[in-house]
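The following note sets out points for a colleague who is reading the model alongside its sequence.

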Amino acid sequence: MLIEWSEKYATGVEAIDRQHQEIFNQLNRLHDAITSGLGMEVVEDILEFARDYAEQHFAYEESCMEQYRCPVAAENKAAHRSFIDGIERIQQEIERNGNEPGAVLALYRELREWIQNHILKIDTQLRTCSRSHEANGLT
């Protein structure tokens with residue numbers, strides 16, 4: 001199932017939203033590869049993206065949550081750790097068993113659930129925090 005970016009996923013922080021849009025692109029790229037029978041050919045590339053995304057994006061997003069005093073900052077940080085652990089498990093599975101369909105589907109599920117359960121439910125809370133922060137002149 002393709003997932004399209006819409007404003008319901010917006011955090012109100014332009015740089016974070018652009019980074020989130022890229023994870024949508026990668027998920028949809030993986031979806032297209034799976035449906036055309038080429039999932040195993042792109043899984044390594046998308047895993048590399050996910051590792052880079054976690055390293056760069058999470059640090060920035062966590063600093064924004066702290067800056068805007070977002071009440072879900074600790075929950076967000078813990079979820080980031082869980083995402084990294086999930087990506088590492090998939091990578092280890094590939095190292096043990098080779099690049100097989102189960103790993104491709106596990107990566108697809110991980111990214112899809114990340115968008116639906118993390119970005120939509122946790123990250124979007126940053127929108128209210130950043131607006132409140134700016135409304136109070138705390139930039």
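**Notes on the predicted model**

1. Histidine 57 counts as buried, because its relative accessibility is 2% (buried means under 20% relative accessible area, exposed over 50%, partly exposed in between, with a 1.4 Å probe and protein chains only). This histidine lies in helix H2, residues 39-67 (helices, H or I of at least four residues, and strands, E of at least two, are DSSP runs numbered from the N terminus). With neighbours within four places in sequence left aside, histidine 57 is in contact with Ile16, Gln19, His20 and Asp52 (contact means heavy atoms within 4.5 Å).

2. On the basis of the values: this is a predicted model, in which local features need pLDDT of at least 70 and side-chain atom pairs count only at pLDDT 80 or more, while totals for chains, interfaces and linings use all residues. Residues are numbered from 1 along each chain as its sequence is written, and side-chain values use heavy atoms, with hydrogens and water left out.

3. Helix H1 covers residues 14-35, and its 22 residues should span 32 Å at 1.5 Å a residue; the end C-alpha atoms are 32 Å apart, which agrees (the expected span is 1.5 Å times one less than the number of residues). Its buried residues include Ile16, His20, Ile23, Phe24, Leu27 and His31. Glycine 37, with a positive phi near 80°, follows H1.

4. Helix H3, residues 73-97, has 25 residues and reaches 36 Å from first to last C-alpha, close to the 36 Å expected at 1.5 Å a residue. Among its buried residues are Ala79, Phe83, Ile87, Ile90 and Ile94. The buried residues of H3 pack against H1, H2 and helix H4 (101-123). Glycine 98 follows H3 and has a positive phi, near 85°.

5. The largest nonpolar core has 30 residues, and Ile23, Phe83 and Leu107 have the most contacts inside it (such a core is a set of buried Ala, Val, Leu, Ile, Met, Phe, Trp, Tyr and Cys residues joined through side-chain atoms within 4.5 Å). H1, H2, H3 and H4 are the elements that give two or more residues to this core. Apart from this core lies another, of eleven residues, including Val13, Tyr68, Cys70 and Ile122.

6. Which residues does phenylalanine 83 contact, leaving aside its neighbours within four places in sequence? They are Ile23, Ala50, Tyr53, Ala54, Phe58, Glu110, Leu111 and Trp114.

7. Cysteine 70 is buried, with a relative accessible area of 6%, and cysteine 129 is buried at 11%. The count of disulfides comes to zero (a disulfide is a pair of cysteine sulfur atoms within 2.5 Å).
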